[in-house]
Amino acid sequence: MVLTEKQKNCPYCHEKGGDHRVKMIEDDPDGQAGLVLKEDGWHIWTADPFTFEVLHPINYCPMCGRPLNEEEE
Ligand SMILES: [Zn+2]
């Protein structure tokens, strides 16, 4: 598949150098969200005052739409 420039340069969904920290995409007093790469794939991490922390597996980057289950070249 051919990635768009936006997808290639997306700061959220490219994991470089084994840095497995959460990449924050939203950080408000009401809630936080971020992307994190785990051993079993990408997850979206959310936290808010009511649900505490939740991890959901994702197949597409919510920021650029890139499929995350394909190998990067
Ligand atoms: Zn992305």
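Tutor: Welcome! Two strands are said to pair if DSSP finds at least two bridges between them. Strands (E, at least two residues) and helices (H or I, at least four residues) are themselves DSSP runs, numbered from the N terminus. You are looking at a predicted model, in which local features need pLDDT of at least 70 and side-chain atom pairs count only at pLDDT 80 or more, while totals for chains, interfaces and linings use all residues. Residues are numbered from 1 along each chain as its sequence is written, and side-chain values use heavy atoms, with hydrogens and water left out.

Student: Thanks! In what order do the elements of the protein run from the N terminus on?

Tutor: The protein has 1 helix and 4 strands. Helix 1 covers residues 5-8, and strand 1 covers residues 23-28. Read from the N terminus on, the order is α-β-β-β-β.

Student: How many bridges join strand 2 to strand 3?

Tutor: Let's build up to that from strand 1. Strand 1 and strand 2 pair in the antiparallel sense over 5 bridges, with Lys23 standing opposite Leu35 and 2 residues between the two strands in a hairpin. Strand 2 and strand 3 also form a hairpin, again with 2 residues between them, and Leu37 stands opposite Trp42 there. These two strands run antiparallel, and the number of bridges joining them is 7.

Student: Which residue in strand 4 does Thr46 stand opposite?

Tutor: Strand 3 and strand 4 pair in the antiparallel sense over 6 bridges. A hairpin joins these two strands through 3 residues. Within this pairing, the residue opposite Thr46 is Val54.

Student: Why is strand 2 described as largely enclosed by the rest of the structure?

Tutor: Buried means under 20% relative accessible area, exposed means over 50%, and partly exposed lies in between (1.4 Å probe, protein chains only). In the protein, 32% of the 73 residues are buried. Strand 2 is largely enclosed because, of its 8 residues, the number that are buried is 6.

Student: Which protein donors does the zinc ion have?

Tutor: Donors are N, O and S atoms within 2.8 Å of the metal (3.2 Å for Na, K and Ca), and sites may look incomplete because water is not among the atoms. In sequence the donor residues here are spaced C-x2-C-x47-C-x2-C. Their SG atoms lie 2.3 to 2.4 Å from the zinc ion, and the residues are Cys10, Cys13, Cys61 and Cys64.

Student: What is the geometry at the site of the zinc ion?

Tutor: Four donors count as tetrahedral if all angles lie between 85 and 135 degrees; four count as square planar and six as octahedral if opposite donors are over 155 degrees apart and all others between 65 and 115, and anything else is irregular. The 4 donor atoms here make angles of 105 to 116°, so the site is tetrahedral.

Student: How many residues apart in sequence are the parts that Cys10 and Cys64 tie together?

Tutor: Both of these residues are buried. Cys64 and Cys10 are among the donors of the zinc ion. Cys10 lies in the loop between helix 1 and strand 1, while Cys64 lies in the segment after strand 4 (52-57), so the parts they tie together are separated in sequence by 54 residues.

Student: How many disulfides does the count come to?

Tutor: A disulfide is a pair of cysteine sulfur atoms within 2.5 Å. By this rule, the number of disulfides is 0.

Student: Which residues make up the largest nonpolar core?

Tutor: A nonpolar core is a set of buried Ala, Val, Leu, Ile, Met, Phe, Trp, Tyr and Cys residues joined through side-chain atoms within 4.5 Å. Cys13, at 0% relative accessible area, and Cys61, at 2%, are both buried. The largest core has 10 residues: Cys10, Cys13, Leu35, Leu37, Trp42, Ile44, Ile58, Cys61, Cys64 and Leu68.

Student: How far apart in space are His43 and Pro57, C-alpha to C-alpha?

Tutor: His43 lies in strand 3 and is buried, with a relative accessible area of 9%. Contact means heavy atoms within 4.5 Å, and the residues His43 touches include Leu55, His56, Pro57 and Ile58. Although His43 and Pro57 are 14 residues apart in sequence, their C-alpha distance is 4.2 Å.

Student: What value is phi of Phe52 near?

Tutor: Phe52 is in strand 4 and counts as exposed at 61% relative accessibility. Most residues other than glycine have a negative phi. Phi of Phe52 is positive, near 60°.

Technical notes
Lists of a residue's contacts leave out its neighbours within four places in sequence.
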